[in-house]
Amino acid sequence: CPAAGEIALNIQKQYGHSVVVLGVHSGFLSMPIGGYPDFTTTEGSAWYNFFGFDSNPIGTVNRKLNGGVYAFPSTEWTDAVASTLQEEATVAMASNVEYDEASRNLKVDVISKALVELPDTYSLVVCIMEDSIVGKQLLPSGNDDNFVHRHVFRESINGTWGEDINTAVIAAEEEVNKSYSITLNEAYNADQCYVIAYVANSDTKEVLQVIEKKIK
């Protein structure tokens, strides 16, 4: 997993804001035993099971099918991302984040705009990601008690699969606005937290667009 994490980080460094990485800890190897940090989530387990994963490290690229399955081994991530970035975007997104340090209240506004007519049903998922968490990790050379865990998925603030944003065809140039307000979990370091929002096809689960914004 650490080697796969390096691949993901290098891809993000190569493409900058065009790539958003979300590290979901689920499956047998994510179980918090022997002092390892617990990054497991209800949402992560649901995604892991739904997409039929049975090993780690594994990943998806916009949740596209890869030869009939969702799983891309880490050795294929670089080519899959490069190919995906050549495609024309069908959705544009913008977000605004307001965070109050005293109350830890977090307000999120997300605007999703169709760039072409969208005929299916689509959902918006809004997540909290915490970056650079220091904790124990098993490496080939042994345990590292000060390993830096990157892009850790913490929770979805509007449900495992988000919420459907349409019941009819979304016309080109049509906008959908959504707002949310939560109290940020005390366990999260607000200085290292990001809001990640993405629009996906509600049936196929393929991600059409994603946006990331730092909370502070």
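User: What is the volume of the largest cavity?
Analyst: The largest cavity has a volume of about 60 Å³. The space filled by probe spheres set on the grid points gives that volume, with points joined across faces, edges and corners. The model is predicted: local features need pLDDT of at least 70 and side-chain atom pairs pLDDT 80 or more, while totals for chains, interfaces and linings use all residues. Residues are numbered from 1 along each chain as its sequence is written, and side-chain values use heavy atoms, with hydrogens and water left out.

User: How many cavities of 30 Å³ or more does the structure hold, and what makes a space a cavity?
Analyst: There is 1 of 30 Å³ or more. A cavity is a set of points, on a 1 Å grid over the protein atoms alone, where a 1.4 Å probe fits but cannot get out.

User: Which residues line the largest cavity?
Analyst: The lining consists of Val91, Ser112, Lys113, Ala114, Leu118, Tyr122, Ile165, Ile170, Glu174, Val176 and Val199. A lining residue has an atom within 4 Å of a cavity point. Strand β2 (residues 105-114) contributes the most, with 3 residues. Strands are DSSP runs of E, at least two residues; helices are runs of H or I, at least four; both are numbered from the N terminus.

User: How do the residues of that lining divide into nonpolar, polar and charged?
Analyst: The division is 8 nonpolar, 1 polar and 2 charged. Ala, Val, Leu, Ile, Met, Phe, Trp, Tyr, Cys and Pro count as nonpolar; Asp, Glu, Lys and Arg count as charged; the others, Gly among them, are polar.

User: Why is valine 199 called buried?
Analyst: Its relative accessible area is 2%. Buried means under 20%, exposed over 50%, and partly exposed in between, with a 1.4 Å probe and protein chains only. Valine 199 therefore counts as buried.

User: Where does valine 199 lie, and what is it in contact with?
Analyst: Valine 199 belongs to strand β9 (residues 193-201). Neighbours within four places in sequence aside, its contacts are Val91, Met93, Ser112, Tyr122, Ser123, Leu124, Ile165, Glu206, Val207, Leu208 and Gln209. Contact means heavy atoms within 4.5 Å.

User: Is valine 210 buried, partly exposed or exposed?
Analyst: At 25% relative accessibility, valine 210 falls in the partly exposed class. This residue is in strand β10. Beyond four places in sequence, valine 210 is in contact with Val20, Met93, Ile196, Ala197 and Tyr198. Its C-alpha atom is 9.0 Å from that of asparagine 62, which is 148 residues away along the chain.

User: How many aromatic pairs does the structure hold?
Analyst: The count is 7. Rings of Phe, Tyr and Trp (its six-membered ring) pair if their centres lie within 6.5 Å; planes under 30 degrees apart count as stacked, over 60 as edge-to-face, and the rest as tilted.

User: What makes the pair of tryptophan 47 and phenylalanine 153 tilted?
Analyst: The angle between the planes is 50°, and the centres are 4.9 Å apart. That pair links distant parts of the chain: tryptophan 47 in helix α2 (residues 42-50) and phenylalanine 153 in strand β6 (residues 152-156), 106 residues apart. Both partners are buried: tryptophan 47 at 5%, phenylalanine 153 at 1%.

User: Why is the pair of phenylalanine 51 and tryptophan 161 called edge-to-face?
Analyst: The planes stand at 75° and the centres are 6.0 Å apart, so the pair is edge-to-face. Phenylalanine 51 sits in the loop between α2 and α3 (77-84), and tryptophan 161 in the loop between β6 and β7 (163-164), 110 residues apart. Phenylalanine 51 is buried at 7%, whereas tryptophan 161 is partly exposed at 27%.

User: How do you know that the charged end of lysine 205 sits over the ring of tryptophan 161?
Analyst: It lies 4.4 Å from the ring centre. The rule asks for NZ of Lys or CZ of Arg within 6 Å of the centre and within 35 degrees of the ring normal. Arginine 63 has its charged end over the ring of tryptophan 47, 5.0 Å from its centre.

User: What is phi of arginine 63 and of lysine 205?
Analyst: Phi is near 55° for arginine 63 and near 75° for lysine 205. Each value is positive in a residue other than glycine. Arginine 63 is in the loop between α2 and α3, and lysine 205 in the loop between β9 and β10 (207-214). Arginine 63 is buried at 9%, and lysine 205 is buried at 13%.

Terms used
On a 1 Å grid over the protein atoms alone, a cavity is a set of points where a 1.4 Å probe fits but cannot get out, and a pocket is an open set with protein on both sides within 12 Å along at least five of seven lines; lining residues have an atom within 4 Å of a point.
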